[in-house]
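This short report is meant to be read with the sequence and the model side by side. Please look at both before going through the sections below.

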Amino acid sequence: MMETFTEILPEQAWHLLEQEGATLVDIRDARRYVYSHPQGAFHLTNESYGRLLDEVDYDEPIIVICYHGVSSRNAAQFLVEQGFEQVYSVKGGFDAWQRSELPIETAYT
């Protein structure tokens, strides 16, 4: 069991999503999330946290993404402290995700 989270690159995060059925949680503000977010990302807020607990088991991999990879570290550590066993934070955040040309969903497609 992890005592802490692991930082991974966007490409590693995508691999975990595709191969391991990981859950990606986006902690950016609602306006930015609605505008564009990684494909399939769950919008994690204080209000949606309960729903996350209903949908994700503690032993399933969970990946946190934010703007630049800074606030996701705090959120990832919080999830570890809540009992999640495989927690990851995306280095460089959504900025890096977009630069890596990984799939995104936008409000305008």
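## An exposed residue in a loop

Glu 101 is exposed, with a relative accessible area of 72%, where exposed means over 50%, buried means under 20% and partly exposed lies in between, using a 1.4 Å probe and protein chains only. Glu 101 sits in the loop between H5 and strand E7 (104–106), and its phi is near 60 degrees, a positive value in a residue other than glycine. Helices (H or I, at least four residues) and strands (E, at least two) are DSSP runs, numbered from the N terminus.

The model is predicted, and local features need pLDDT of at least 70, while side-chain atom pairs count only at pLDDT 80 or more and totals for chains, interfaces and linings use all residues. Residues are numbered from 1 along each chain as its sequence is written, and side-chain values use heavy atoms, with hydrogens and water left out.

## The annotated cysteine

In an unreviewed entry, UniProt lists Cys 66 for "active site"; such positions are given in the numbering used here, feature names are shortened, and annotations may be inferred rather than shown by experiment. Cys 66 lies in the loop between strand E5 (62–65) and helix H4 (71–81), and Cys 66 is buried, with a relative accessible area of 1%.

Leaving aside its neighbours within four places in sequence, Cys 66 is in contact (heavy atoms within 4.5 Å) with Ile 27, Arg 28, Ser 71, Ser 72, Gly 93 and Phe 94.

In soluble globular proteins, nonpolar side chains tend to be buried together. A nonpolar core is a set of buried Ala, Val, Leu, Ile, Met, Phe, Trp, Tyr and Cys residues joined through side-chain atoms within 4.5 Å. The largest such core has 16 residues, of which Leu 17, Leu 24, Ile 63 and Trp 97 touch the most other members. Helix H1 (10–20), E5, strand E6 (87–90) and helix H5 (93–99) each give two or more residues to this core, and the largest share, 4 residues, comes from H1.

A second, separate core of 15 residues includes Phe 42, Tyr 49, Ile 62 and Ala 75.

## Contacts of a tryptophan

Not counting residues up to four places away in sequence, Trp 97 touches Pro 10, Ala 13, Trp 14, Leu 17, Leu 24, Pro 38, Ile 65, Leu 102, Pro 103 and Ile 104.
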